[in-house]
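Look at the structure below before reading on.

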Amino acid sequence: MSKIKQVSNADARDYVQKCIEFQGSNTFAREVHTDHSTLYVVYSYGEHFPMFIAETDDDGVTRWYSNQDRFSMTTSKHRTQLHPHVEYMVPMDTARMRVLAHGGLMELFSRGAGL
């Protein structure tokens with residue numbers, strides 16, 4: 001297993017865009033494997049607040065999700081610094097993002113918490 005790179009938040013967007021795990025200042029990103037997909041989850045201040053999730057299915061299709069709930073001033077700054085600037089992101093609330101971060105879209109729908 002490779003060591004997770006420590007990066008400044010100002011430099012972390014490149015990691016997010018390439019879906020590479022990193023440890024920032026009160027931010028981090030981790031890769032999660034489910035039965036149906038690989039998730040790349042970007043957090044602010046812990047696993048209780050996923051900001052962005054990229055889910056890549058078995059066919060190699062990647063979909064991005066974005067937390068649309070209100071957040072602190074500092075998390076707003078994290079969001080600006082780490083935003084992946086992809087063409088389209090599915091907006092979600094924090095509760096759905098947490099479920100998605102642990103089990104992917106299939107888990108979200110199986111719990112009846114779909115879009």
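Val41 stands opposite Ile53 in β5. Strand β4 covers residues 37-44, and strand β5 covers residues 50-57. The two pair in the antiparallel sense over seven bridges; strands count as paired if DSSP finds at least two bridges between them. Strands themselves are DSSP runs (E, at least two residues), numbered from the N terminus.

β4 and β5 form a hairpin with five residues between them. In this turn, Tyr45 has a positive phi of about 60°.

## Basis of the model

This is a predicted model, in which local features need pLDDT of at least 70, side-chain atom pairs count only at pLDDT 80 or more, and totals for chains, interfaces and linings use all residues. Residues are numbered from 1 along each chain as its sequence is written, and side-chain values use heavy atoms, with hydrogens and water left out.

## Strands on either side

β4 also pairs with strand β3 (residues 27-33), again antiparallel and over seven bridges. Here Val32 stands opposite Leu39 of β4. The hairpin from β3 to β4 runs through three residues.

β5 pairs in the antiparallel sense with strand β6 (residues 62-67) over five bridges. Ile53 stands opposite Tyr65 in β6. The hairpin of β5 and β6 has four residues between the strands, and Gly60 takes a positive phi near 85° there.

## Burial

Seven of the eight residues of β4 are buried (under 20% relative accessible area, with a 1.4 Å probe and protein chains only). In β5, six of eight residues are buried.

Conventions: Buried means under 20% relative accessible area, exposed over 50%, partly exposed in between (1.4 Å probe, protein chains only).
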